[in-house]
Amino acid sequence: MQISAPTFPVQWQESQRGIIIAGVAQPENAREYVSAIAHLSKLLQFPVLAEGLSPVRNYANLNPYLISTYDLILRNTELSQQLKPEVVIQVGELPTSKELRNWLTSTQAERWIVDSSNHNLDPLHGKTTHLQTSIEQLAENSKFSPKDYNSYLQLGCEGETKVRAKIDYSMAEIEQIFECKAAWLLSTALPSKTPLFISNSMPVRDIEFFWKPSNSHIQPFFNRGANGIDGTLSTALGIAHRQQSSVMLTGDLALLHDTNGFLLHNNFCGHLTIILINNNGGGIFEMLPISKFEPPFEDFFATPQNIDFSALCATYNIEHELINSWQQLQQRLKELSTTGIRVLELQTNRKFDAKWRQENLGKFAVDIL
């Protein structure tokens, strides 16, 4: 069902068990967008599940009820049952998280999608009501008094605090170069307001799992869709052109798919630092059952290319540096250049990375009740 006029459903005001999903979004005015979501959250006393591809995580001071670890929390079966909502307000596209999508399907909660377009933003094909308005307009029209803090909200916020502490401790302790820490470290090391382009497959998922909330005002950019891998480098260069220094997080296959984007180098004005996760193949496929079958896994799914990226960068006259420690990467990110393109390569083992995720993602929310 679609409702065109800005409407504030009475169910929102009556429910004590509601959530707001701040999904995938690239608003023109990030601060106004985040402030509107925060205003609604405070009025309703609903926690905000904030996707890593939303600016909401990077204006954390505006929202005291921010939940960034929802994917990991929902892996705790007992906790996910206790957090079953009655009302779900979805702002923007749904997050990538499979755990979240399965949970929403199983709960059968009333769902409202707030978006000013006429696009179908319900990939779950559930019973939803589309409020065809912006979150800013909706927040402006909400005039009722705030509800009281409740035990449902408290449970979600306490879960976030405990799981976030476990993630931060774990990541800080790991010295080995591996995929997951790159996403976490970027959230702690990038200069304020740095435009960040995030590539598809595992980078976007690691951002969702591990990106730490802050007040950095960083705006994430991305390509979504069936062929989201297309043009990743060119898109990142377009974002960085004639703008402040920018950063791109990508895997090796996504970068190789668009290496001719480097031909823009001679006409490029600005700076782009590319954080290249080189695991020599499609790391996301290591997470699937097909990875246990060899053949055909390596040749037809992982598709390793065995590329010397220093030689490739030299072909295009692009600066390249192999990163051997997290301290080295932090130093390179501390002060970004204003001109040119550089590639900072982290060589990882995709089988180790996949095994780490499979063994650890479900542990962060254990024993937090």
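1. Helix 7 passes helix 8 in a left-handed crossing. A crossing is called left-handed if the near helix is turned anticlockwise from the far one by less than a right angle, and right-handed if clockwise. Helices (H or I, at least four residues) and strands (E, at least two) are DSSP runs, numbered from the N terminus. Helix 7 covers residues 151-173 and helix 8 covers residues 179-189; their axes come within 10 Å and cross at roughly 110°. That makes helix 7 roughly perpendicular to helix 8. Axes are lines fitted to C-alpha atoms, for helices over the stretch in contact, and angles run from 0 to 180 degrees between N-to-C directions. Angles under 35 degrees count as roughly parallel, over 145 as roughly antiparallel, 65 to 115 as roughly perpendicular and the rest as oblique.

2. A word on the source: this is a predicted model, in which local features need pLDDT of at least 70 and side-chain atom pairs count only at pLDDT 80 or more, while totals for chains, interfaces and linings use all residues. Residues are numbered from 1 along each chain as its sequence is written, and side-chain values use heavy atoms, with hydrogens and water left out.

3. Which residues of helix 7 and helix 8 meet? Arg164, Ile167, Asp168, Met171 and Ala172 in helix 7 meet Cys180, Lys181 and Trp184 in helix 8, where contact means heavy atoms within 4.5 Å. By class, this contact has five nonpolar, no polar and three charged residues. Here Ala, Val, Leu, Ile, Met, Phe, Trp, Tyr, Cys and Pro count as nonpolar, Asp, Glu, Lys and Arg as charged, and the others, Gly among them, as polar.

4. Helix 8 also meets helix 14. The axes of helix 8 and helix 14 come within 10 Å and cross at roughly 40°, and the two helices are therefore oblique to each other. Helix 8 passes helix 14 in a right-handed crossing. On the helix 8 side the residues are Lys181, Ala182, Leu185, Leu186 and Ala189; on the helix 14 side they are Trp326, Leu329, Gln330 and Leu333. The residues of this contact divide into seven nonpolar, one polar and one charged.

5. An open sheet of six strands has the order 9-8-10-11-13-12, with parallel pairing. Two strands pair if DSSP finds at least two bridges between them. Strand 9 (220-222) and strand 12 are the edge strands, each pairing on one side only. From one strand to the next, the twist averages 20°.

6. Strand 12 (residues 319-322) and strand 13 (residues 340-347) run parallel and are joined by four bridges. From strand 12 the chain crosses through helix 14 (residues 326-334) to strand 13, and this β-α-β crossover is right-handed; that is, with the strands pointing away from the viewer, the path from the first strand over the helix to the second runs clockwise.

7. Three bridges join strand 8 (residues 196-198) to strand 10 (residues 246-251), again a parallel pair. Helix 9 (residues 202-210) packs on the sheet and touches strand 8 and strand 10, its direction making about 115° with that of strand 10.

8. Two peptide bonds and one residue need a check by eye. Most residues other than glycine have a negative phi, and most peptide bonds are trans. A cis peptide bond joins glutamate 294 and proline 295, with omega about -10°; another cis bond joins proline 295 and proline 296, with omega about 20°. Histidine 125 is not a glycine, yet has a positive phi of about 55°.
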